[in-house]
Amino acid sequence: MSAFQGRDVLSIRDLSRADIQLVLRTARKMVPIAVGEKRSRALEGKILSTIFYEPSTRTRLSFESAMARLGGRVLGFSSAEGTSVQKGETLADTIRMVEAYSDAIVLRHPQEGAARLAADFTEKPVINAGDGAGQHPTQTLQDLYTIWDERGSFEGQNVVLVGDLKYGRTVHSLAYALAELGSHLTFVSPPTLEMPTEILEHVKERGLSFRIAHGLEEVVRDADVLYVTRIQKERFPDPQEYEKVAGSYRIEMDLLRDAKRGLIVMHPLPRVTEIAPDVDRTKHAVYFKQAFNGVPVRMALLDLILGGGA
Amino acid sequence: MRELRVTPIKNGTVIDHIPAGLALKVLKILGIGDSVTSTVTVAMHVPSQAMGWKDIVKVEDRELAAREIDKIALIAPSATVNVIRNYNVAEKRHLTLPDRAIGILRCANPNCISNVREPIESTFVVRSKNPLRVVCKYCDRELEDIVAHIL
Ligand SMILES: Nc1ncnc2c1ncn2[C@@H]1O[C@H](COP(=O)(O)OP(=O)(O)O)[C@@H](O)[C@H]1O
Ligand SMILES: [Mg+2]
Ligand SMILES: [Zn+2]
């Protein structure tokens, strides 16, 4: 029986280093099944509920694909519209109802802490698929898998996180996990969108040094991973200021001229203008692969939690 | 020898050894201000052997509920709560700061699930006791202004 059986995955902080490594190794074994080369019945007879109070295409579809590839079934809803939720049902009640229909629950909710609340009201394992500006641990695992798969390890890797580091939830969890795993972190953002001190404190506690920079040119040369996120217009009161800032964090061919050969460029997608399209054709671009990796990673998690033992 | 800065009370509660300056916050916790039905005496900046300076709050004809004592522990763990009956100290409670503050603080994050209609009590995990730092169990955010968020 795996250490994961029946467990909740609410925050990346709930997972130890060994837990993360187990998920990543399991995910790698899932790839042939994820692409349809091999067949699996590991989760035959199991039912997963996907409860989405907020629209999400990628996360929901990758969970559904993961469950189907392992022979299990999925039920649920993809928006609160037309459900008992609209009639004013509490999340606690909805979860107790859903629990009766399934073996595990995947929850996406617009409010922070929703997954933690859900887990308190059911014995069934709960997987957080994003709670407001809070946690989104399966996205973090997918990002970690991509780095590990492309770069071979975490330790000593120079990982540069670029963009909105203040409000972007994916970069907070990722920075936290990478510090646990021993990567060197560089944070590149406009001064008004810097990484929160709480995360910086954690990195320091791990005994790791980090760099804070405002320009990309200075850090791209020794980077192994460039993780790019979107800077949202709403963060800037002045549209011209936004254009200027967004422009200075755009990844273009010129910038990559002096980069290491093995540099990988990542993005949680959807991108707007953060990465120039001609970068897509370079060996650096791994963001579409990163998107695909969501399936084997979620397969691994489901298999470990629901105990298929594929 | 008994030091009595203010007139003795017959029955009630004396909250002693409050860190100097926090008496008004203790009054807030006790809900004193809106609908008081008995006499409340506050002594502020009183010399204290143990603390240098301290505040004292005396409430006549009222004994505190456990939840009120928990709230005081949160902001003034050094305080002692003395129950006065017939002019004498009948009970003396030393406060202990709990590891979790349940149902006594409101999360400052308006988008936290603990702030909507759900059948749960707000829960904060005490991350550090000195200085006091608490983190919401649900949204993981640290509560900056603890006193302002006492329920
Ligand atoms: N009858 C009373 N009326 C008002 N205050 C009192 C009364 N009896 C004791 N106190 C106050 O209650 C606190 C606790 O009293 P006591 O146990 O005698 O002192 P200490 O805690 O310093 O040993 C002190 O601040 C004291 O002044
Ligand atoms: Mg005394
Ligand atoms: Zn909260």
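Q: In this predicted model, how many Å separate the centres of domain 1 and domain 2 of chain B?
A: Chain B is divided into domain 1 (12-94) and domain 2 (100-149). The centres are taken over C-alpha atoms. The separation is 24 Å.

Q: Which side chain does B:Arg67 meet in a salt bridge?
A: Across the interface of domain 1 and domain 2 of chain B, the rule finds 1 salt bridge. A salt bridge needs a nitrogen of Lys or Arg within 4 Å of a carboxyl oxygen of Asp or Glu. For B:Arg67 the N to O distance is 3.6 Å. The partner is B:Glu121.

Q: Which element gives the most residues to the side of domain 1 of chain B that touches domain 2 of chain B?
A: Two elements give two or more residues to this side: helix H1 (23-29) and helix H2 (66-75) of chain B. One of them gives 5 residues, the most. That element is H2(B).

Q: How many charged residues are on the side of domain 1 of chain B that touches domain 2 of chain B?
A: Here 7 residues of domain 1 are in contact with 10 residues of domain 2. By class, the domain 1 side has 2 nonpolar and no polar residues. The number of charged residues is 5.

Key: Residues are numbered from 1 along each chain as its sequence is written. Chains are lettered from A and ligands numbered from 1 in the order in which they are written. This is a predicted model: local features need pLDDT of at least 70, side-chain atom pairs count only at pLDDT 80 or more; totals for chains, interfaces and linings use all residues. Side-chain values use heavy atoms; hydrogens and water are left out. Domain bounds come from an automatic or database domain assignment. Contact means heavy atoms within 4.5 Å. Helices (H or I, at least four residues) and strands (E, at least two) are DSSP runs, numbered from the N terminus. Ala, Val, Leu, Ile, Met, Phe, Trp, Tyr, Cys and Pro count as nonpolar, Asp, Glu, Lys and Arg as charged, and the others, Gly among them, as polar.
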